[in-house]
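Morning, everyone. Please bring the model up on your screens, and we will walk through it together.

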Amino acid sequence: MDRERDETFAERMDRNWNELLQELRVTQTGIQVLAGFLITLPFQQRFTTLGDGQERLYLVVLVAALVSIVLLMTPVIIHRVLFRRGVKQQVVEVSDRLARAGFVSLGITLVLAAALIVGVVTGSTGGWVAGASLGVVVVGLWLVLPLSLRRGD
């Protein structure tokens, strides 16, 4: 039993799994909406005005968004395939790593999407400034802040 929470190992695994699922639910909708938007872009009239560099950046953003979706959905698929097989600990551990990779991919997607969109509106320099600025915010809030809170333990 865990002395802090007074829970068994199985209860802790269930709680960890449920907490992970909640985190994934929050992010999955957002990345799916972004990917859906990106998928429709080539069918818009203005898409043909993109330069070669912008088209390549668009493709990188699209692939990053789709990779994010796959990474963030895989824990649910793994759970479904391994349901009632007695491997909850492995499912939780692998899913945690997949979620972390999905969040990294999501951060890359957001940064590059900002660079693409702002670049189309204001020009290449503005796009890269926006992307870099958002990159600093993402790294600060998603990595530096949690690590600094963890040191306070």
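I will take the helix packing, then the pockets.

A word on the source. This is a predicted model: local features need pLDDT of at least 70, side-chain atom pairs count only at pLDDT 80 or more, and totals for chains, interfaces and linings use all residues. Residues are numbered from 1 along each chain as its sequence is written, and side-chain values use heavy atoms, with hydrogens and water left out.

Helices first. Two packed helices are described by the angle between their axes and the distance between the axes. Helices here are DSSP runs of H or I, at least four residues, numbered from the N terminus. Axes are lines fitted to C-alpha atoms over the stretch in contact, and angles run from 0 to 180 degrees between N-to-C directions.

Start with α2, residues 52–82, and α3, residues 88–122. Their axes come within 8 Å and cross at roughly 160 degrees. So α2 and α3 are roughly antiparallel; angles over 145 degrees count as that, and angles under 35 as roughly parallel. The residues of this α2 and α3 contact are 24 nonpolar, nine polar and no charged. For those classes, Ala, Val, Leu, Ile, Met, Phe, Trp, Tyr, Cys and Pro count as nonpolar, Asp, Glu, Lys and Arg as charged, and the others, Gly among them, as polar.

Next, α1, residues 9–40, against α2. The axes come within 9 Å and cross at roughly 150 degrees. That makes α1 roughly antiparallel to α2. Look at the contact, meaning heavy atoms within 4.5 Å. On the α1 side, find Trp17, Leu21 and Leu24, among others. On the α2 side, the residues include Tyr58, Val61 and Leu62. By class, the α1 and α2 contact has 17 nonpolar, five polar and no charged residues.

Now α1 and α3. They pack at an angle of about 25 degrees, with axes 10 Å apart. That makes α1 roughly parallel to α3. The contact takes in Asp14 of α1, and Lys88 and Asp96 of α3, among others.

On to the pockets. A 1 Å grid is laid over the protein atoms alone; a pocket is an open set of points where a 1.4 Å probe fits, with protein on both sides within 12 Å along at least five of seven lines, and lining residues have an atom within 4 Å of a point. Points are joined across faces, edges and corners, and a volume is the space filled by probe spheres set on them.

How much space lies in the largest pocket? About 910 Å³. It has 22 lining residues, and Asp96, Arg100, Phe103, Trp142 and Pro146 are the closest to its centre. α1, α3 and α4 (124–151) each supply at least two lining residues. α3 gives the most, nine. The lining has 14 nonpolar, three polar and five charged residues.

The second largest pocket has a volume of about 230 Å³. Its lining includes Phe37, Arg46 and Leu116. Again α3 gives the most, with four residues. By class, that lining has eight nonpolar, one polar and one charged.

That is the tour. Over to you.

How values were computed: Angles under 35 degrees count as roughly parallel, over 145 as roughly antiparallel, 65 to 115 as roughly perpendicular and the rest as oblique.
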